[in-house]
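Visitor: I'm new to reading protein models. Could you walk me through one, feature by feature?

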Amino acid sequence: MRRLVNATNKTVRQSVSLPAKSAAQVRTLAKNRRLSSNRMLVGLLENGIEAEKRKQQMFFELAERFRNATDPKEAERLGDELGRMVFGG
């Protein structure tokens, strides 16, 4: 019987160059968690993608609150917060 492979389970070989310091940190994390460096990188990448999605969602929610704000002080505060998200600071 042939097993169907879900597209999310398919792996793709990808070559990535890391700064030496980052590679050392990955090795240390992997060793401490008893994982391979590859598995550690996959976990870090997945966590980073999720964090980026949350950050984007927070931005859109904040933008919606800014757009719907009727109080000028609140609109200014939300605008400042949006600016910090976009430009840092």
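Guide: Let's go from the overall layout to single residues.

Guide: Before we start, this is a predicted model, so local features need pLDDT of at least 70 and side-chain atom pairs count only at pLDDT 80 or more, while totals for chains, interfaces and linings use all residues. Residues are numbered from 1 along each chain as its sequence is written, and side-chain values use heavy atoms, with hydrogens and water left out.

Visitor: How many helices and strands are there in the chain?

Guide: Helices and strands are DSSP runs, numbered from the N terminus: a helix is H or I over at least four residues, a strand is E over at least two. Here you get 3 helices and 0 strands. Starting at the N terminus, the order is α-α-α.

Visitor: What radius of gyration does the chain have, and what would a compact globule have?

Guide: The radius of gyration is taken over C-alpha atoms, and the globule rule is 2.2 Å times the number of residues to the power 0.38. For 89 residues, a compact globule would come out near 12 Å, but this chain has 20 Å. Along the principal axes, its C-alpha atoms fill a box of roughly 60 × 45 × 20 Å.

Visitor: What share of the residues is buried?

Guide: Buried means under 20% relative accessible area, exposed means over 50%, and partly exposed is in between, using a 1.4 Å probe and protein chains only. In this chain, buried residues make up 11% of the 89. As for area, the Shrake-Rupley method with a 1.4 Å probe is used, and for residues only the protein chains shown count as cover. The chain exposes about 8300 Å², with carbon and sulfur atoms supplying 54% of that.

Visitor: And what share of the contacts joins residues 24 or more positions apart?

Guide: A contact means heavy atoms within 4.5 Å. Among contacts with a separation of 6 or more, residues 24 or more positions apart account for 12%. Lys-21 sits in helix α1 and is exposed at 65% relative accessible area. Its C-alpha atom is 32 Å from that of Gly-83, 62 residues away along the chain. Arg-84, in helix α3 (residues 72–87), is partly exposed at 43%. Asn-47 belongs to helix α2 and counts as exposed at 51%. From Asn-47 to Gly-79, 32 residues apart in sequence, the C-alpha distance is 28 Å.

Visitor: How many positive and negative side chains are there?

Guide: Lys and Arg count as positive, Asp and Glu as negative, while His and the chain ends are not counted. Each charge is placed at NZ of Lys, CZ of Arg, CG of Asp or CD of Glu. This chain has 18 positive and 10 negative side chains, and the centres of the two sets lie 19 Å apart.

Visitor: Which of those side chains meet in a salt bridge?

Guide: Side chains of opposite charge can pair when their charged atoms come close. A salt bridge is a side-chain nitrogen of Lys or Arg within 4 Å of a carboxyl oxygen of Asp or Glu. The whole structure holds 5 of them. One joins Glu-46 and Arg-39, at 3.9 Å from N to O. Glu-46 is partly exposed at 43%, and Arg-39 is partly exposed at 39%.

Visitor: Where do Lys-53 and Glu-50 lie?

Guide: Both are in helix α2 (residues 37–68), 3 residues apart, which is about one turn of the helix. Glu-64 and Arg-67 are another pair, with their closest N and O atoms 2.3 Å apart. They are separated by about one helical turn because they are 3 residues apart in helix α2. Glu-64 is partly exposed at 35%, whereas Arg-67 is exposed at 57%. Besides these pairs, Glu-74, Arg-77 and Glu-81 are linked in a network of salt bridges.

Visitor: Last one: which residue has a positive phi although it is not a glycine?

Guide: That's Arg-34, with a phi of about 55°. Look for Arg-34 in the loop between α1 (20–33) and α2. At 78% relative accessibility, Arg-34 counts as exposed.
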